[in-house]
Amino acid sequence: MVECRSLIPDEHRLIIHGMVDRPLIFTMDDLKRFPSVSEIRFLECPANGGMEWKAPQMEGLQFTHGMLSCCEWTGVRLSTLLAEVGVKPEGKWILAEGADGAAMTRSIPMDKALDDAIVVYAQNGEALRGEQGYPIRLMNPGWEGNTSIKWLRRLEVGDQPYYQREETSKYTDLLPDGRARKFSFEQECNSVITSPCPEVPLKKKGWYEFEGIAWSGKGKIKGVDISFDGGVTWRPAPIKGIVIEKCLTRFSYMYNWQGEPLLIQSRAWDETGYVQPTFKQLRAIRGGNSIYHRNAIHTWKVHSDGSVQNAQLA
Ligand SMILES: Nc1nc2c(c(=O)[nH]1)N[C@H]1C(S)=C(S)[C@@H](COP(=O)(O)O)O[C@H]1N2
Ligand SMILES: [Mo]
């Protein structure tokens with residue numbers, strides 16, 4: 001086995017500069033001396049389900065909703081580091097830069113940086129893995145995953161957004177009138193039924209616990225409804241376990257299946273009152289050119305043999 005590691009933690013540095021009083025270079029030791037926070041948060045790529053805007057294409061939950069995770073992140077609040085360097089009054093945006101070959105960059109508004117953004121060095125109690133940004137990454141809770149820059153090496157404070165590739169040609173949504181939605185940071189309320197699903201068919205008649213997950217980048221999940229007839233009628237699905245803001249939240253519903261075909265859907269809403277839209281409602285405001293931010297109510301078609309298929313209703 002060849003060990004392939006691009007960064008040595010002892011040598012890794014985070015530089016914070018630009019419109020600040022004291023530009024500073026932080027070593028990993030420096031970062032670990034600051035007070036730490038540990039928070040459970042989901043992380044979702046805004047392209048999750050992006051193949052599905054035009055038609056159901058992907059035969060499986062992993063491919064319609066799999067760009068999503070939830071774990072405990074540990075690190076230093078970005079606001080703590082910014083207090084150390086002293087942001088000048090004109091500092092309103094931050095360019096976050098990774099140390100990968102692409103030196104991936106995103107512009108982060110100062111409000112988020114001073115709110116709940118974290119420079120993380122651990123995930124589920126162990127050092128970040130290489131794929132997740134070792135030794136440090138930016139974590140923007142509830143925001144599109146693309147903004148959580150891995151292998152973080154530089155933060156530049158400026159007075160306006162930097163309009164980098166990942167926020168112009170990518171991660172914008174082309175609307176029907178030709179304008180583009182940009183800086184669409186928040187991952188809006190979404191949910192999906194995880195069992196049954198194409199990978200988890202129904203094997204025989206009888207009682208099943210239909211299960212799923214719901215999440216919102218704006219806070220806590222308040223409730224979830226489940227439908228068995230493609231959204232004609234809805235029943236409340238009990239929430240399971242602890243509800244944490246910006247986290248995956250479980251729901252379930254006991255169902256006695258007797259071989260009838262079903263169109264199963266879940267519809268979640270969050271503490272802001274935002275309700276997950278139908279596909280029709282989402283298309284009415286975004287059109288059909290988008291790739292990102294497809295948080296519409298999802299449909300699985302359950303056939304009488306128990307197999308489950310990805311479906312879309314007009
Ligand atoms: N430096 C750097 N950071 C990055 C990326 C990258 O290519 N380079 N990919 C981004 C994208 S598009 C997403 S969705 C998330 C995925 O994070 P995960 O692999 O921990 O799920 O990381 C983001 N951070
Ligand atoms: Mo992504």
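Reply: The following account takes up the salt bridges pair by pair. The model is a predicted one, and a search of the whole structure finds 22 salt bridges. Side chains of opposite charge can pair when their charged atoms come close.

One such pair is Glu39 with Arg77, whose closest N and O atoms are 2.3 Å apart. Because Glu39 belongs to strand 3 (residues 37-44) and Arg77 to strand 4 (residues 68-77), this contact ties together parts that are 38 residues apart in sequence. Glu39 has a relative accessible area of 15% and is therefore buried, the limit being under 20%. Arg77 is likewise buried, at 18%. The pair is also part of a network of salt bridges that links Glu39, Arg41, Arg77 and Glu245.

Another salt bridge joins Glu167 to Arg106, with 3.2 Å between the closest N and O atoms. Glu167 sits in the loop between strand 10 (152-158) and strand 11 (173-174), while Arg106 is in strand 6 (residues 105-109), so the pair ties together parts 61 residues apart in sequence. Both Glu167 and Arg106 are buried.

A further pair consists of Glu209 and Lys240, whose closest N and O atoms lie 3.0 Å apart. Here, too, distant parts of the chain are linked: Glu209 is in strand 14 (residues 206-215) and Lys240 in strand 17 (residues 239-240), 31 residues apart. Glu209 is partly exposed, with a relative accessible area of 32%, and Lys240 is partly exposed as well, at 31%.

Note on methods. Residues numbered from 1 in each chain as written. Chains lettered and ligands numbered in written order. Predicted model: local features only at pLDDT ≥ 70, side-chain atom pairs only at ≥ 80, totals over all residues. Heavy atoms only, no water. Salt bridge = Lys/Arg side-chain N within 4 Å of Asp/Glu carboxyl O. Helix = DSSP H or I, 4+ residues; strand = E, 2+ residues; numbered from the N terminus. Buried < 20%, exposed > 50% of the residue type's maximum accessible area, 1.4 Å probe, protein only.
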